[in-house]
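Morning, everyone. Please look at the structure on the screen while I talk. I'll start with one term and then walk through the two chains.

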Amino acid sequence: MIAFDQVGKRYRTLWGREVLALEDFSVELRAGEVFGLAGPNGAGKSTLISLLLGYLGPSHGTIRIDGQDPRRYVESHGISYLSELVSIPPAWRAEEALKRYALLAGVPASSRDARVEQVIEWMGLSEHRAKRVKQLSKGNLQRLGLAQALLVEERVIVLDEPTHGLDPVWTQRFREVVTALRREDRVILIASHNLDELERLADRVAIIDHGRLQRVVDVRRASAPDRGDRTPYRIALSRGAELVPAVFPRARMVGQGEHELDGLTLDELNAGLAALLARGALIAMVYPVHSMLEQQFREAVGVGEKRT
Amino acid sequence: MSRARVGAYALWQLRDYLKDRGRPTIIVALLAGYLGIEPLLQQMPRANDRVAPELLLRFGSASAVHAARMAEFNALFVRGILGALVFLGALFAMNGIVANDRKQGFFRFLFAKPVAPSRYYGQAFLVHWLGFMLVMTLLGAVYGALVWPVLTVPLLLVIAVMFVAYAGIAFLLSAAARWDWMSLVAVSVAATYLWTKFGSSPGPLAKLLYLLPPLHRADEAYAAVAAAPTLATGRLGAIPWPLLGWFAGYGVVCYLAGLLVLRHRRLAIV
C-alpha cells in the first residue's frame with residue numbers, strides 16, 4: 001500500500017553544508033498492518049514522515065501510496081496525521097479547530113457537528129472545548145491533535161510520537177484507540193521513541209539510525225528469544241536469593257532479592273534455574289532485562305558502542 | 001469536491017481576516033486619519049467666518065465658499081492618506097499569509113486533509129481582498145459621515161486595483177520567502193527609488209525597470225479619484241486606465257506566480 005523505494009533526502013544548511021537526513025530507505029507497508037518506526041533523535045523519522053505526506057520531496061528514490069505520488073494521494077484522499085509537535089493556531093478554540101479541520105477533511109455538513117462531538121467525547125476534551133489552544137496543557141493539546149487526526153477514518157494513519165505528553169491513563173487509552181482503528185484495508189504508521197509502546201501495538205518495526213534503515217523487526221515473530229541468543233535477564237527470588245551468585249557467578253544484585261544475570265542462552269538460564277530450585281530457592285519472577293525489540297534496537301543503533 | 005470544501009472554508013478565512021487583520025487596519029486607519037485630519041481642520045476657516053469679497057463674488061455665498069474649501073481640503077487629504085492606507089492594508093492583509101503557516105508548522109494538519117495548498121492560499125488572497133474592501137468601505141462611510149462624502153465607484157475601483165498590486169507582490173513573496181513583509185517594504189522602496197531615479201533614462205538598462213512595479217506613479221491613481229471635480233461629477237474620464245491596468249496586471253501576474261510556487265514548492269522547512 002505504501003512503498004518507499006531507495007528514498008534519500010539531502011539538504012543544504014544556510015551555510016552550504018550538506019546534511020544527509022535519509023539514505024536508501026526501502027520498505028513496503030502492507031494494508032492491514034500497524035507499522036512502527038523507531039530510532040534515536042535525529043535518525044530521520046520525522047523527515048521520513050514529511051516525505052510520506054509530500055511536505056518534502058525526496059532527493060532520490062520514489063514513494064508511492066496506492067501507486068500515487070504522496071502529495072497527489074493526500075490531496076485526493078487525505079491522511080489521518082498527528083505530527084510530533086501539535087501546531088494549531090493558538091487563538092483558535094479547541095472545538096472551533098475541530099470544526100475547521102472537519103470541514104477541510106470532508107466530513108459532510110449534515111454529520112459534522114455530531115462527528116466533532118464524537119471525537120471530543122472520545123478524547124475526553126469536553127471540558128476543554130471552549131478553551132483556546134494556547135490555554136491547553138501539553139496532554140490536552142496532544143489529545144486535540146489526535147482528535148483532529150481521527151475526524152475522518154482515512155486508509156492511511158500516520159502518528160508521530162502519539163503518546164508524547166500523555167499521562168498513563170491516556171497512554172493506555174491511546175493503545176485502545178489504535179487497536180480499534182486496525183482494519184484490513186488500512187495501514188497505521190507510528191513513529192515513537194517508546195519501544196514498549198511499539199512492541200505492544202506494531203506488527204513490524206523499522207529501526208533507523210543516521211538516516212539509514214538498520215533493520216525491520218517482525219515484532220510478532222520476535223516476541224521470544226531464539227535458543228542461541230544471549231539475553232540479559234533479571235531474576236527475583238522470594239527465598240534463597242543468597243544462592244544466586246553460586247549458580248550464576250556473574251550475577252549482580254540490583255535490589256532486595258533481585259539479581260541481574262548477564263547474557264545467557266535459554267539452555268544456560270534453564271539449567272541455572274533448575275539448580276536454584278533443586279537447592280530449595282523459591283523463584284518469584286524471571287524476565288528479560290530488555291524487551292526483544294529493545295534488544296534489537298540496542299544492537300541496531302549500537303547502544304554501548306561509541307557513537308559517531 | 002475539494003473545491004467545495006475549500007470554498008466553504010472561505011467564511012472561516014473571512015472571519016480570520018476581519019478579526020486578526022481587518023481590526024488592526026481599522027484601528028491604524030482611524031488613528032492615522034484622526035492625527036492627520038485634526039490639525040488641518042483646526043486651521044480651516046469656519047462657515048460663519050468672514051469671507052473675502054472676491055471669493056463671495058466667485059462662489060455666490062459664504063456657504064458655497066465653505067463647501068469649496070472643504071472639497072479642496074478633502075481632495076488633498078484623501079489623496080495623501082489613501083496611498084498609505086492601501087499599502088498598509090495590503091501589508092496587514094498579506095503579512096505571513098503563507099510564510100507564517102510554514103514557519104509555525106500550521107500547514108501540517110491543514111494539508112494532511114485533502115486540500116491543495118495553492119487552492120487554499122489562493123482563496124485566502126481573494127477573501128482578504130474582499131475583507132479589505134469591506135474595511136475600506138466602512139472607513140469611507142465613517143469619513144463621509146464625519147467629514148465629507150468620498151465613497152464612489154471610481155474610488156473603490158482604484159483602491160481595489162492598488163490593493164491587488166501590493167497584495168499580489170506580497171503574496172508571491174510570502175509563498176516564496178520567510179520574511180515577506182520586510183521583502184514587500186524593500187521591493188516597494190526599491191521600485192519607487194529606481195523608477196524615480198532612472199525611469200527617464202534612455203539607456204537600455206532602464207528597460208529592466210519594467211520588471212518592477214510602477215509604484216512611483218501610485219499617486220496619479222489616487223489623485224484621479226480624490227480630485228473634487230471628479231467626485232462631484234462622478235465621471236470616470238480622469239481615471240488613468242492604462243496605469244491602473246499596469247498595476248492590476250502586475251499584481252495578478254505576481255498572484256499567479258505565487259500560486260505556481262505553492263503548486264511546486266514543498267511546504268516543510270528543513
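Two residues are in contact if their C-beta atoms, placed from the backbone, lie within 7 Å. A second term goes with it. Helices (H or I, at least four residues) and strands (E, at least two) are DSSP runs, numbered from the N terminus.

Now some ground rules. This is a predicted model, where local features need pLDDT of at least 70, side-chain atom pairs count only at pLDDT 80 or more, and totals for chains, interfaces and linings use all residues. Residues are numbered from 1 along each chain as its sequence is written, while chains are lettered from A and ligands numbered from 1 in the order in which they are written.

How confident is the predictor? pLDDT is its confidence in each residue, from 0 to 100. Chain A has a mean pLDDT of 89, with 96% of its residues at 70 or more. Chain B averages 86, and 94% of its residues score at least 70. Watch residues 230-236 of chain B: there the pLDDT is below 50. Beyond near neighbours in sequence, that stretch has 9 contacts in the model.

Chain B next. How many helices and strands does chain B have? It has 12 helices and 0 strands. Its C-alpha atoms fill a box of roughly 75 × 50 × 30 Å, taken along the principal axes.

How do we describe a helix pair? Two packed helices are described by the angle between their axes and the distance between the axes. Axes are lines fitted to C-alpha atoms, for helices over the stretch in contact, and angles run from 0 to 180 degrees between N-to-C directions.

Take helix H7 (residues 117-146) and helix H12 (residues 241-264) of chain B. Their axes come within 8 Å and cross at roughly 150 degrees. H7(B) is therefore roughly antiparallel to H12(B). For the cut-offs, angles under 35 degrees count as roughly parallel, over 145 as roughly antiparallel, 65 to 115 as roughly perpendicular and the rest as oblique. The crossing of H7(B) and H12(B) is right-handed. A crossing is left-handed if the near helix is turned anticlockwise from the far one by less than a right angle, and right-handed if clockwise.

Which residues of H7(B) and H12(B) meet? From H7(B) come Pro117(B), Ser118(B), Tyr121(B), Gly122(B) and Phe125(B); from H12(B) come Tyr255(B), Leu259(B), Leu262(B) and Arg263(B). By class, this contact has 6 nonpolar, 2 polar and 1 charged residues. Here Ala, Val, Leu, Ile, Met, Phe, Trp, Tyr, Cys and Pro count as nonpolar, Asp, Glu, Lys and Arg as charged, and the others, Gly among them, as polar.

Another pair: helix H2 (residues 10-43) and helix H4 (residues 62-94) of chain B. Their axes come within 10 Å and cross at roughly 155 degrees. H2(B) and H4(B) are therefore roughly antiparallel to each other. Their crossing is right-handed. The contact of H2(B) with H4(B) has 15 nonpolar, 4 polar and 1 charged residues.

On to chain A, and strands. Two strands pair if DSSP finds at least two bridges between them. Strand S1 (residues 2-12) of chain A joins strand S2 (residues 18-29) of chain A by 8 bridges, running antiparallel. S1(A) and S2(A) form a hairpin with 5 residues between them, and Gly16(A) in the turn has a positive phi of about 90 degrees. S1(A) also pairs with strand S4 (residues 60-65) of chain A, antiparallel, over 5 bridges. Look at Phe4(A). Its bridge partner in S2(A) is Val27(A), and in S4(A) it is Ile63(A).

There is also an open sheet of 4 strands in chain A, in the order S11-S12-S10-S13, with antiparallel pairing. S11 (252-255) and S13 (282-288) are its edge strands, each pairing on one side only. Helix H9 (residues 266-278) of chain A lies across S10, S12 and S13, at about 165 degrees to S13(A).

Last, where the chains meet. 20 residues of chain B are in contact with 25 residues of chain A. On the chain B side, helix H1 (2-8) and helix H6 (107-110) are the elements that give two or more residues. That side divides into 13 nonpolar, 3 polar and 4 charged residues.

Key:
pLDDT is the predictor's confidence in each residue, from 0 to 100.
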